[in-house]
Amino acid sequence: MNIAEYLDQMRRDIPDCSLVSFGDLRTGLSLRASAADPLRQDQLEEILQHAAFTFSVSDALAATGETETADGQSAIVARPQGVLIFVRSPDEPSDVICCLCRDAAAEARVVDGANKLFHGMAGGA
């Protein structure tokens, strides 16, 4: 399965998920997306900027011991349209999956789907 197919499958498998995108935190580029309603590239990259900022704050707080974090792999940001759930690759921290879901209850499914995608990419998908 290629990345686009993984993203489509993830969006179908997660109830009330309207967007799944794959991007690079280092470059700020959204590389692929699967959306219920098409988004412009600048909208996708704005979401990616939220992910980069969220992870940079989380990493800074974890480094100072200001907060207890799980593994720093996922983060959630509330928005009027729902919640953005971000998942970084454990092997390539600049790779990120960004999902827009109705609520935070989808986090476990998003993390699971993202990890399957990252594993599939590492295997040559």
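Strands β1 and β2 form a hairpin with four residues between them, and G28 in the turn has a positive phi of about 75°. Helices (H or I, at least four residues) and strands (E, at least two) are DSSP runs, numbered from the N terminus. The model is predicted, so local features need pLDDT of at least 70 and side-chain atom pairs count only at pLDDT 80 or more, while totals for chains, interfaces and linings use all residues. Residues are numbered from 1 along each chain as its sequence is written, and side-chain values use heavy atoms, with hydrogens and water left out.

Strand β1 covers residues 17-24 and strand β2 residues 29-35; they pair in the antiparallel sense over six bridges. Two strands count as paired if DSSP finds at least two bridges between them. Within this pairing, F22 has R32 in β2 as its bridge partner.

**Nonpolar cores**

A nonpolar core is a set of buried Ala, Val, Leu, Ile, Met, Phe, Trp, Tyr and Cys residues joined through side-chain atoms within 4.5 Å. Buried means under 20% relative accessible area, exposed means over 50%, and partly exposed lies in between (1.4 Å probe, protein chains only). The largest such core has 19 residues, and I97, C99, C101 and V110 have the most contacts inside it. Two or more residues each come from α1 (3-13), β1, β4, β5 (95-101) and α3. Helix α3 gives the most, with five residues. In soluble globular proteins, nonpolar side chains tend to be buried together.

Contact means heavy atoms within 4.5 Å. Leaving aside residues up to four places away in sequence, I97 touches several residues, including L7, M10, V20, F22, I85, V87, L117 and F118. A second, separate core has 13 residues, among them L19, L48, C98 and L100.

**Salt bridges**

A salt bridge is a side-chain nitrogen of Lys or Arg within 4 Å of a carboxyl oxygen of Asp or Glu. By this rule the count comes to six.

| Pair | Closest N and O atoms |
|---|---|
| R40 and D42 | 3.0 Å |
| D59 and R88 | 2.9 Å |
| D112 and K116 | 3.3 Å |

D59 lies in helix α2 (residues 41-64) and R88 in strand β4 (residues 82-88), so this pair ties together parts that are 29 residues apart in sequence. D59 is partly exposed, at 35% relative accessible area, whereas R88 is buried, at 12%.

D112 and K116 are four residues apart in helix α3 (residues 107-122), a separation of about one helical turn. D112 is partly exposed at 41%, and K116 is exposed at 51%. D42, the partner of R40, is partly exposed with a relative accessible area of 45%. D16, R102 and D103 are linked in a network of salt bridges.

**Largest pocket**

On a 1 Å grid over the protein atoms alone, a pocket is an open set of points where a 1.4 Å probe fits, with protein on both sides within 12 Å along at least five of seven lines; lining residues have an atom within 4 Å of a point. Grid points are joined across faces, edges and corners, and a volume is the space filled by probe spheres set on the points. The largest pocket holds about 250 Å³ of space. It is lined by 13 residues, of which L39, Q43, I47, Q81 and L100 are the closest to its centre. β1 and α2 each supply at least two residues of this lining, and α2 gives the most, with three.
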